[in-house]
Amino acid sequence: MISKLKAAAAAMALAASPAMAVDLEFYFPVAVGGAAANTIEDLTAEYVAANPDVNIEAIYAGSYQDTVAKALTAARGGNAPQLSVILSVDMYTLYDEDLIHAFDDFATTDEDKAWLKSFYPAFMENSMIDGKTYGIPFQRSTPVLYYNKEALAEAGLNRAPETWDEMKEWAAKLTKKDDSGNVTQWGVRIPSSGFPYWLFQGLTTSNGATLVSEGGTKTNFDDPKVVEALEYLVSLSKDGVMAPGIIEWGATPKAFFEGQTAMMWTSTGNLTNVRKNAPFEFGVAMLPAKVSRGAPTGGGNFYLFKGGSDEETKAAFDFIKWISQPTQAAKWSIATGYVAPSPATWDSDVMKAYVADFPPALVARDQLEFATAELSTYENQRVTRIFNDALHAAITGEKSAAEALAEAQAKADDVLKDYR
Amino acid sequence: MVPPRPPIKERPMQRHWIHAWLLLTPAFVFLLAFTHIPALTTLWQSFRTTPRGRRPSRWAGLENYQELISDPIFWKVLGNNIWFAIGTIPTSILIALVMALWVSERLPGRGFVRMAYFTPTVLPMIAVANIWLFFYTPGFGLFDQITGFFGFGQSNVLGSPKTALVGVMVVTIWKEAGFFMIFYLAALQTIPPSLIEAARIEGAGPWTIFRRVTFPLLMPTTLFIGVNAVVNAFRMIDHIFVLTGGGPDNASSLLLYYIYETAFRFWDTSYAASLTVVLLALLALLALGQFFFLDRKVHYK
Amino acid sequence: MTRALNITGAWMLALIWVLPLAYAIWTAFHPAAYEARFDLFAPVTFENFAKAWEAAPFARYFLNTFVLVTVILIGQFILCTLAAYAFARYRFPGRDVLFALVLVQLLVMPDILIVENYKSIRYLGLVDTIAAIALPYIASGFGIFLLRQTFLSVPKELEEAAQIEGMSSLGIMLKVYVPLALPTYLAYGLVSVSHHWNNFLWPLIITNSVETRPVTVGLQIFASIDSGVEWSVINAATLMTSGPLLIAFLLFQRQFVQSFMRAGIK
């Protein structure tokens with residue numbers, strides 16, 4: 001595929017202009033499986049066809065974790081890609097390593113400057129440092145609640161729960177046991193493997209807590225509101241409405257399809273997957289509220305890496321600008337379920353037609369109003385790991401919520417004190 | 001094996017020395033470059049800080065080691081690794097021995113049985129772990145399908161800190177036992193049947209024969225396998241990536257996995273170096289133990 | 001009585017041992033809907049393999065692995081033969097120390113020294129190349145040790161006869177020693193190929209791209225997508241990656257087992 005693209009582009013470049021073509025490397029993670037990879041490649045091919053003086057090699061680099069590791073590795077080896085889609089939360093790390101450009105430095109025209117302001121503010125929280133834009137939202141998501149309408153109807157419920165209390169109460173009604181007392185259907189499923197902090201932020205945000213302050217140098221893990229959120233999460237398993245122990249993220253949609261759980265929390269990036277595979281009628285709702293609605297944003301931004309020639313960086317900038325325009329962004333959003341990052345995209349005709357046909361797609365957009373930035377600090381991988389370990393310790397009952405979070409706060413302070 | 005005999009080429013002295021050194025050069029360039037020198041630079045790096053952004057590396061003395069001593073995760077993964085070794089090594093050696101004894105007998109379908117035991121060894125650990133991850137899945141994995149059939153509830157082996165490491169150990173035993181069986185099979189073939197026959201004529205039962213004749217003769221093999229197994233217990237972490245990612249709360253993380261995370265996820269290479277020094281020290285202890293307490297012939301033959 | 005017990009035990013264990021693989025094969029050949037409930041009469045399909053093959057560039061991964069194990073094997077044969085020959089047939093100052101250094105590698109494998117080896121490879125500018133995956137393994141302490149033991153057992157008379165015919169040292173090595181050690185080469189070759197086919201951690205660290213990634217790393221990247229996983233497709237991919245070795249093993253089972261045994265007793 002890639003080599004075909006390159007060959008085609010090379011042939012066109014020869015035919016069109018004798019000028020040297022710019023070669024770009026573009027790393028992307030596909031968090032939603034193979035079909036999405038094809039969409040990226042199609043979009044890239046479209047751009048290359050229209051711009052014969054640019055070759056783009058789109059490299060599938062694996063999961064988000066893999067992609068950032070690969071990009072860092074390559075950059076340290078002196079051959080960074082010119083552009084890459086990487087988790088928005090890795091921005092501080094990339095900045096600290098001095099690996100990325102601010103987009104403002106290349107936005108010379110008024111049009112460019114307007115473009116930088118065209119995205120939802122919720123997404124820009126994770127994309128700016130000191131007023132400069134370092135990331136362009138692209139593969140962005142937010143967690144939502146999926147529910148099995150048939151299972152709810154069976155329990156006499158006809159809408160999604162709207163508050164924490166409601167969710168727990170309903171989950172209890174939805175938990176089914178067989179004659180020997182074994183659970184056959186859980187009420188709700190909030191996966192906790194790998195990166196539990198993200199979905200957990202759905203609870204902290206709706207409880208009015210802010211996990212990180214002071215530009216990524218101070219965490220508030222031991223805030224009583226955070227402790228309360230963790231106690232609520234733990235109580236779901238303790239009170240028998242959610243499976244005990246660490247719940248696998250990857251197996252969650254399957255468990256939902258299999259009727260193992262009546263409700264699940266997962267990324268909007270799974271919307272298309274669920275739509276295709278759920279053997280029953282399902283609904284999508286915002287995460288339940290405590291003091292307010294609330295959810296984190298998540299997913300990946302485009303970053304512009306240092307190390308390329310001016311010409312290459314400019315070409316990468318132009319490509320990013322092109323792919324985030326409404327037509328392209330709508331195509332990507334429809335193919336995957338990721339949230340289109342700009343209001344203009346939602347106003348495009350393609351998107352309007354899609355939403356008319358499939359209203360659940362709107363839930364994520366409407367939730368953005370209540371969304372906050374995903375947990376992101378300096379030394380992000382290490383700090384989130386500390387936080388994840390604390391969540392795991394509490395979920396598995398090794399430590400109390402307060403104890404685990406106090407320890408995590410102390411450890412995070414220790415790591416971050418150098419950056420204040 | 002054959003004892004070393006006096007080498008043939010005694011003269012002319014100087015010239016054949018140079019021959020020998022030349023023959024050794026290519027191998028030693030690589031050995032030194034990727035084993036011995038890195039082992040030494042690891043030690044050196046463990047006394048320095050990690051360079052970050054615009055802050056260059058500086059001499060840190062014992063800072064990294066102080067951090068290590070006060071790092072609960074380090075002690076946890078070290079403990080895990082020791083439990084992992086204790087849990088997997090004797091079990092897989094015992095199973096391997098039983099397998100070898102069974103397969104070396106006349107047995108209906110011996111070919112199939114031997115294949116069944118040995119096949120897991122051929123598979124990549126990463127593939128094995130993917131297969132097992134599916135079995136462990138709560139609710140609809142193979143385990144829960146089987147236990148559910150007998151009326152038991154769901155299990156969450158990998159999602160509970162009490163069982164996650166055990167879950168990882170089971171996979172390791174499944175993969176390694178067949179490998180060790182091969183060594184026992186080879187050793188069993190070298191035992192002269194006349195010995196067993198003689199014991200039988202003297203009226204010894206199968207258990208006595210095993211205890212008095214077979215097992216003592218297998219002792220060198222057992223030691224060889226043991227050393228191999230210990231090295232593997234500290235080296236093999238592929239399955240951790242797939243099964244648990246070291247979780248929950250580091251309950252199934254092993255030393256080398258922690259080194260990987262520290263170096264390639266947190267980019268703290270100096271701290272990773274001091275962790276590596278601990279690992280090297282453990283292996284050096286093993287080597288010394290082998291040297292002083294065990295018969296050298298056992299290993300070099 | 002004991003015999004009946006033994007046979008039952010041996011078969012029980014064999015069935016338990018083969019069950020995980022058998023079930024993985026079963027799910028790979030049946031639609032995803034059946035992966036969570038076993039049904040003997042579920043329709044057979046090859047779709048999972050097609051899906052996996054399409055979703056990731058496995059063909060390229062296979063090529064990378066093939067090149068990798070070949071490069072390593074050739075390098076190991078050459079370097080280990082030369083070194084083993086020197087240790088087996090020459091007496092020279094430093095021999096014991098150098099041999100001890102070789103033996104050190106049986107314990108301290110390059111797998112453990114990932115941090116510093118990564119730095120060296122970066123220094124050489126070889127990050128993300130197949131050569132970089134191979135380099136740390138080219139000189140194998142185990143290989144040198146194994147071949148030295150074999151060379152030591154070659155009868156002295158053969159070498160003396162060759163010397164009388166006027167053969168050079170290297171000639172003797174190639175014409176006398178290597179042919180006599182062929183079974184050891186076969187055994188070591190099989191062990192080496194299966195070891196490096198299955199190796200994961202180092203290639204994971206040192207590769208970034210499709211063009212260099214071996215199948216094990218490719219499989220892991222394929223299986224760790226962040227959305228819902230389809231076990232049947234992942235199982236199909238898993239079987240594909242181990243397929244060539246598995247088939248080779250089933251076809252040449254006897255040789256395989258004997259090779260491992262030979263490598264083991266030395």
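A residue counts as buried if 20 or more other C-beta atoms lie within 10 Å of its own, with C-beta atoms placed from the backbone. By that criterion, 57% of the 420 residues of chain A are buried in this structure, which is a predicted model.

**Overall form of chain A**

- The secondary structure of chain A amounts to 19 helices and 16 strands, and its radius of gyration is 22 Å, close to the 22 Å given by the globule rule for 420 residues, so chain A is as compact as a globular protein of that length.
- Taken along its principal axes, the C-alpha trace of chain A spans about 75 × 50 × 35 Å.
- Of the contacts in chain A with a separation of 6 or more, 75% are between residues 24 or more positions apart.

**Two domains in chain A**

- Chain A is divided into domain 1 (2–141 + 298–372) and domain 2 (143–296 + 376–419), and the C-alpha centres of these domains of chain A lie 29 Å apart.
- Where the two meet, 27 residues of domain 1 of chain A are in contact with 25 residues of domain 2 of chain A.
- On the domain 1 side, the elements of chain A that give two or more residues are helix H4 (91–96), strand S15 (298–304), helix H14 (326–336), helix H17 (361–367) and strand S16 (371–372), and H17(A) gives the most, with 5 residues.
- That side of domain 1 of chain A, where it touches domain 2, comprises 14 nonpolar, 10 polar and 3 charged residues.

**Contact between chains B and C**

- This contact takes 79 residues from chain C and 79 residues from chain B, and on the chain C side the largest share, 14 residues, comes from helix H1 (residues 2–28) of chain C.
- The residues of chain C that touch chain B divide by class into 54 nonpolar, 19 polar and 6 charged.

**The largest nonpolar core**

- The largest nonpolar core has 302 residues, and those with the most contacts inside it are Met181(B) and Ala83(C).
- Helix H7 (residues 164–189) of chain B supplies the largest share of this core, 16 residues, while domain 1 and domain 2 of chain A each contribute at least three residues to it.
- Leaving aside residues up to four places away in sequence, Ala83(C) touches Leu23(B), Leu24(B), Ala27(B) and Ile144(C).

Conventions. Residues numbered from 1 in each chain as written. Chains lettered and ligands numbered in written order. Predicted model: local features only at pLDDT ≥ 70, side-chain atom pairs only at ≥ 80, totals over all residues. Contact = placed C-beta atoms within 7 Å. Helix = DSSP H or I, 4+ residues; strand = E, 2+ residues; numbered from the N terminus. Nonpolar A, V, L, I, M, F, W, Y, C, P; charged D, E, K, R; others polar. Core = buried A, V, L, I, M, F, W, Y, C linked by C-beta atoms within 7 Å. Buried ≥ 20, exposed ≤ 12 C-beta atoms within 10 Å, placed from the backbone. Domains from an automatic or database assignment. Rg over C-alpha atoms; globule rule 2.2 N^0.38 Å.
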